[in-house]
Amino acid sequence: MPASPEPSPGSPVRNRLPKGFVVELGRRVRVFDRGRTLAGGVPPRVAHLGERARSMLRGRRLEVADAASERLADRLLAMGMADPVVAELPPVDLAELTVVVPVHDRPKELDRLLAALGGKVGVIVVDDASAHPEAIAQVARRHGAELVALDRNVGPAGARNAGLARVRTPYVAFVDSDVVAEPEALALLLRHFHDPLVAAVAPRVLGLESGRGNWISRYENAKSSLDLGPVAAPVHPRSPVGWVPSACLVARVSALGDGYTEQMRVGEDVDLVWRLVARGLRVRYEPAATVRHDHRTRFTSWFARKAFYGTGAHDLARRHGPAVAPAALAPWSAAVLGVLLAQRRWSVPLAAAISAVVSARLARRLPRSGPPSALAAALTGLGLAGALGQGSGLLLRHWWPLSLVGSVFSRRVRRAVLVAGLLEGLAEYRRRRPDLDPVRFLVARRLDDLAYGAGLWGGAIRGRSFRCLLPTLRPAESYRARPERRPSDP
């Protein structure tokens with residue numbers, strides 16, 4: 001099965017998945033009614049399958065064999081209910097790929113990266129006006145890489161664009177110099193491009209294994225800002241994976257247009273992904289492919305980098321509006337959060353009553369589900385769990401300066417912050433299983449939040465706009481799963 005034809009840079013045409021393309025229902029998708037009803041996706045919804053569509057699924061998998069199965073697979077991908085099974089897709093020749101490496105005075109790291117690639121893929125090294133360009137040039141020559149030397153520093157976005165302009169292959173991999181990427185990982189990512197609508201794919205970014213290291217390195221190995229977890233996902237603003245870093249990003253050259261926004265020194269990777277998605281193209285996160293990143297391990301540089309990431313939210317909010325909101329809540333879930341934060345005797349009963357009413361109303365909209373009450377209760381519970389997670393993020397990360405002031409004057413705020421900090425930290429500790437004791441992990445987790453939040457508020461104040469700090473309210477039906485047209489229908 002050859003790689004599928006590329007879409008034009010404009011609005012994509014009707015997608016055509018090739019025969020043999022395999023998808024599997026996502027981990028977060030639940031199956032009801034003996035396969036007749038699927039619940040999940042991004043945003044959450046309910047899909048009712050006709051008998052013909054249900055018969056196409058083999059367990060949780062579907063292989064494209066004809067026009068009907070192609071439509072169903074494409075629809076499930078579009079709803080975020082299924083992920084490609086890349087291991088069962090044919091390989092794409094690495095000769096179709098060029099690696100672009102932006103670098104600024106990191107000859108040792110560059111040498112390590114190029115050695116890992118082993119000459120199995122073409123490489124363009126872009127020297128972003130290093131103070132010692134001869135060291136970069138020497139490494140590039142030794143590994144047979146093409147060198148583009150810039151006479152002034154333009155930043156990572158501009159350096160990547162300079163390399164992109166030299167690419168003559170259908171696909172490009174942007175890889176930072178402090179990353180170790182092997183050809184096998186890049187080859188696995190290329191398989192996603194059998195889907196003609198896929199514009200970019202990112203791997204999981206793990207830490208470099210260099211012994212146990214200090215407590216910061218062990219925290220970063222478990223909870224790096226660049227590590228987006230073990231679950232594959234579509235990438236867009238309201239997905240569980242809302243962005244992917246350009247530490248390593250493989251893309252379809254014809255979809256990139258002018259590439260990165262060169263005026264952005266931070267957040268340029270988020271901006272690129274969201275612009276691609278806004279055009280109707282797909283961006284995927286594929287944790288089956290992994291690369292390694294040389295994390296910062298000194299406290300001052302680590303803390304400063306976390307804060308630097310936060311400063312980019314203001315510019316992203318200016319360019320993408322509510323997509324960068326720190327939380328997006330349905331009115332009912334926002335009401336539940338407010339009731340629980342009040343911490344009155346009636347808070348828990350009232351929150352339970354609101355959730356019960358939402359569940360009952362949702363059950364009436366699911367007449368084909370059996371029993372609809374069980375499905376509605378499950379979906380309401382998932383929505384509530386998501387709202388609690390977002391509320392915790394607001395208290396501890398995005399709004400921590402307000403939480404700090406509130407804690408000085410209010411025992412209830414102090415209690416809410418303490419409970420949220422402990423529960424969120426312990427849940428992450430259990431999920432990530434770090435090589436670090438719980439106390440130091442909790443301390444690092446909260447310092448991570450403090451640094452990012454400080455950068456977030458600093459960027460907002462300098463930009464004279466607090467738009468990046470404002471949550472959004474979405475219509476209730478956007479977050480309560482809703483019936484969809486049967487995916488098997490034309």
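Reading the labels in a predicted model

User: Why is Leu388 called partly exposed in this predicted model?
Analyst: Leu388 has 40% relative accessibility. Buried requires under 20% and exposed requires over 50%, with partly exposed in between, so Leu388 counts as partly exposed.

User: What makes Leu388 part of a nonpolar patch on the surface?
Analyst: Patch members need over 30% relative accessible area and no salt bridge, and nonpolar side chains are joined within 5 Å. Leu388, at 40%, is over that cut-off. Leu340, Val348 and Leu388 together form the patch, with about 240 Å² of accessible area. Leu388 itself is found in helix α14, residues 372-398.

User: Why does Arg433 count as exposed?
Analyst: The relative accessibility of Arg433 is 67%, and the label exposed applies over 50%, so Arg433 counts as exposed. Arg433 sits in the loop between α16 (411-432) and α17 (438-463), and its phi is near 50°, a positive value in a residue other than glycine.

User: How do you know that Arg464 is exposed?
Analyst: Arg464 has 79% relative accessibility; with exposed set at over 50%, Arg464 therefore counts as exposed. Its place is the loop between α17 and β17 (472-473). Phi of Arg464 is near 55°, again positive in a non-glycine residue.

User: Why do β5 and β6 stand at the edges of their sheet?
Analyst: The open sheet of three strands runs in the order β5-β1-β6, with antiparallel pairing. β5 (61-63) and β6 (82-84) each have a single partner strand, so one side of each lacks a neighbour in the sheet.

User: How do you know that β1 and β5 pair?
Analyst: Pairing needs at least two bridges, and strand β1 (residues 22-25) and β5 have three, in the antiparallel sense. Glu24 has Arg61 in β5 as its bridge partner.

Key:
Residues numbered from 1 in each chain as written. Predicted model: local features only at pLDDT ≥ 70, side-chain atom pairs only at ≥ 80, totals over all residues. Heavy atoms only, no water. Helix = DSSP H or I, 4+ residues; strand = E, 2+ residues; numbered from the N terminus. Patch = residues over 30% accessible without salt bridge, like charges linked within 9 Å, V, L, I, M, F, W, Y side chains within 5 Å. Areas by Shrake-Rupley, 256 points an atom, 1.4 Å probe, with all protein chains shown as cover. Salt bridge = Lys/Arg side-chain N within 4 Å of Asp/Glu carboxyl O. Buried < 20%, exposed > 50% of the residue type's maximum accessible area, 1.4 Å probe, protein only.
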